[in-house]
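Please look over the sequence and the structure shown below. A short report on selected features follows.

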Amino acid sequence: MLRNYLKVALRNLWKNKAFSAINIVGLSAGLAVCLLIVLYVKDELSYDKYNEQGKNIYRLDADIFFNGTQFTSSVCPAPLAGTLMKDYPQIKQFVRLRNYGDISIKKDNQNIQNHNAVFADSTFFQVFPIPMIAGNPLTALNEPNSIVIDETTAKKYFNSTDVVGKTLYVDNSVNCKITAVIKDIPSQSHFHFSFIRPMRDTYHDDQSDWLSNNYASYVLVKPGVTQADLQKKVDATINNYLAKQLEQLLHTNTNDLKKSGNHFLYPVMPLTDIHLHSNKSYEFEANGNITYVYIFSVIAIFILLIACVNFMNLSTARSANRAKEVGIRKVAGSLRSHLITQFLTESVLMSFFSLLVALGIAALLLPLFNQLAGKQMSVLTLFSSWLLPVLLALIVVVGCVAGSYPAFYLSSFQPVQVLKGGIAKGFKSSWLRSGLVVFQFFISVTLIIGTIVIYNQLNYIRSREIGYDRSQVLVINNTYVLDKQLKTFKDEMLKISGVQAAAIAGSLPTETGYNQNGWFKDAGLDAKQVIIMTDFYADKNYIPTLGMSMSAGRNFSSEYLTDSSAIIINETAAKLLGFKDPLREFLYRPADYSNNGTAFKSKAFHIIGVVKDFNFSSMHDKVGPLVIELGENFGRVAMRIDTKNIPALISQVENKWNSMAPGQSFSYTFLDADFNKIYNAEQRTGKLFITFAVFAIFIACLGLFGLVTYAAEQRIKEIGIRKVLGATVSEIVTMISKDFLRLVLIAFIVAFPVGWWMMNQWLQSFAYRINISWWVFALAGFLTIAIALITVCFQAIRAALANPVKSLRAE
């Protein structure tokens, strides 16, 4: 019996090749896109879950709000994690990490710059048990001048992983003994380190300083300890230790600070939440965003719904043509249950074919999708143990739902009524199909609106005045290796044709983390007069080189010897400080403890200028208060260039570098490229949105094309009679098209408010954003109508041009 059902089902699919193809292509396209999005969402939700202890690991973050300024970061004071473990037995272990920056490794008399290096406590592998190829995880970071490297690095420098005991010449200064080789850290991790050195190899005098936040600290708690339990321990520790130093610095108690609305909080962040819920200063890498996971999950559901609606719509439309088949089968003795099984078999079989095609499409598109999404997902993931059963279940459900109309509705009619043609209905009689068409295009219009808004916001970010000129700025990295020759190197750069200006920079406006310090309005360091501000360090050429403008006062100058204690503030800082004339004022900063060790001394800086506000962080945030201090011994040289032959200029710069820093790796970037990296997530989102919107429109139009074809077939005799009676092609096209276009019009009227609300919510995450103009909706509506009109008219014109003799010859 089953064999007979399958044979009849295949015959019917082959008999109606056009409808079958449209159905299979539409559903498979929707399934393929849904598959890719599911893989993306799963990848995003899988971060840091490779660590079996992950659910018991927390990072200690900082959240400081003081006198109207806020500072949030992923680092905390040096002694916090160790004190927690000492005071509370619920803490099983802790580890602190400190960013290394670029690390230089010597190979074949050439120093190669590498990223992804870190200093770590010896307990690193007890908290993060990364598999080791060689070495002892308990002792790997115990010895000074030792180093742990990953598998890729070992093969890069030694062509082997059997390298324990060998040495690497690091930073042109020290031979480090390799004590372990680890597997490459999985891609689904919020950090990736190729080089790990012991914390003892970096000396800082902040080990008992509770007021400096410099260490990414992780604690491993015992099973059963909740996030709330740990937070109570952290709060108690802060009140016991940090509060004392804070009171010495600010000459006030923490209760008074809290009453004024200020706070010094250190929230605990679950390890597995970091990637999607944390975008703070000093993150090791750019994290994801849970909002985009939600958005793409909704899009996946929407596209799958469009595809399923298409499938059901065309199945129900085609079923009316099989009414006589149902009547004949019943007369021939077929039971209703047999008819139900037949229709459901056909529907599920078509769904199964769609799944096979969808898997092929997804496999072909995965490399392109990886490129768009910035992922490294494998084709094998499509055939994972959990995904295939889910897909098969989905296919059975879709097939059964789509086949339910012909299976249960048509099979219920009496043969006499059916054979008289009493239930053959045209398009107008089906409110269900009309509702499904409206739903499809509602989703499509909403996606089009979202695509236009995202594109406009990203274009606004690229073109908005940001307070400095990022174009044609070449940045030479790691210039600290030049040491005392740094200023000479900068002067040599100015001799190169095409270099207009050059500056030594400690900070650039395209970074993700900066130093913040508390600045006071009085020498007594009054807590009520302190503002937390970002600190930049630069030389006298910094402001003109980057094309910044002064709103008051002057720039640093070598003509003023007192500029060694001078500062420049931005307009936001000037407003927060409230000075009538900031150029006549001083700011103070804690210098060190007084002789009795109970109070802080202050150091005075006189304000010589106010620079116009410029964006030095993402446009998700407003410009904060900023201080620029004078200095000439930092890690980068920024050069404004004006030449069409950039490769030749870079070659000259590299030659000069090699002559002044022989053996040191030459590294450079462009400021505009660094700026664009800040918005990589938004750029990827925009591209993916456009891709998904195109797919949604394609699938919806496939369904519309099928329905128009069906409607034309239903009215083929009517069209023939109208043509014989003198109707023109345009009149027939209008007759067929108007009902469909009316449904599309209803769809985008419903989609307008929904699309506005959704995109307005997304725009709220930007401090600087566009307004959603009326033309966005007009353009979305025009595009939808145009695409639908082309789809409908193509088939309508074809029907109108058909020879009426062929349609009426049987009458």
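## Residues with positive phi

Asn 116 is partly exposed, and its relative accessible area is 38%. The model behind this value is predicted. Asn 116 belongs to strand E5, which covers residues 110-120. Its phi lies near 60°, a positive value in a residue other than glycine. Most residues other than glycine have a negative phi.

Asp 483 is not a glycine either, yet has a positive phi of about 55°. Its setting is a loop: strand E14 (473-476) comes on one side and helix H15 (486-493) on the other. With a relative accessibility of 44%, Asp 483 counts as partly exposed.

## The chain as a whole

The protein chain has 811 residues, and 52% of them count as buried. Its secondary structure consists of 24 helices and 24 strands. The accessible surface comes to about 36300 Å². Carbon and sulfur atoms account for 57% of that surface.

How many of the contacts between residues at least 6 apart in sequence join residues at least 24 apart? The share is 79%.

## A kink in helix H11

Helix H11 spans residues 336-373. It has a kink of about 45° at Leu 366. Just after H11 comes Gly 374, with a positive phi of about 70°.

Helix H22 (residues 729-763) packs against helix H23 (residues 774-800). The angle is about 155°, and the axes are 9 Å apart. H22 is therefore roughly antiparallel to H23, since an angle over 145 degrees counts as such. The crossing of H22 and H23 is right-handed. On the H22 side, the residues in contact include Val 729, Phe 740, Phe 748, Phe 752 and Trp 756. On the H23 side they include Phe 777, Gly 781, Leu 789, Cys 793 and Ala 800.

Helix H21 (residues 716-724) also meets H22. Their axes come within 10 Å and cross at roughly 150°. H21 is therefore roughly antiparallel to H22. This crossing is right-handed. H21 contributes Glu 718, Ile 719, Arg 722 and Lys 723 to the contact. H22 contributes Ile 732, Met 735 and Ile 736. Ile 732 and Ile 736 of H22 are also among the residues that meet H23.

Is Asn 262 buried or exposed? Asn 262 is buried, with a relative accessible area of 6%. The cut-off for that class is under 20%. Asn 262 sits in the loop between helix H7 (254-259) and strand E12 (263-265). Leaving aside residues up to four places away in sequence, Asn 262 touches Phe 65, Phe 66, Asn 67 and Leu 257.

Leu 138 is also a loop residue, placed between strand E6 (132-135) and strand E7 (146-150). Leu 138 is exposed, with a relative accessible area of 53%. The exposed class begins over 50%. Leu 138 and Gln 126 are 12 residues apart in sequence. In space, the two are 7.3 Å apart, C-alpha to C-alpha.

Key:
Residues are numbered from 1 along each chain as its sequence is written. This is a predicted model: local features need pLDDT of at least 70, side-chain atom pairs count only at pLDDT 80 or more; totals for chains, interfaces and linings use all residues. Side-chain values use heavy atoms; hydrogens and water are left out. The bend at a residue is the angle between axes fitted to the seven residues ending there and the seven starting there. Helices (H or I, at least four residues) and strands (E, at least two) are DSSP runs, numbered from the N terminus. Buried means under 20% relative accessible area, exposed over 50%, partly exposed in between (1.4 Å probe, protein chains only). Contact means heavy atoms within 4.5 Å. Accessible areas come from the Shrake-Rupley method with a 1.4 Å probe; for residues, only the protein chains shown count as cover. Axes are lines fitted to C-alpha atoms, for helices over the stretch in contact, and angles run from 0 to 180 degrees between N-to-C directions. Angles under 35 degrees count as roughly parallel, over 145 as roughly antiparallel, 65 to 115 as roughly perpendicular and the rest as oblique. A crossing is left-handed if the near helix is turned anticlockwise from the far one by less than a right angle, and right-handed if clockwise.
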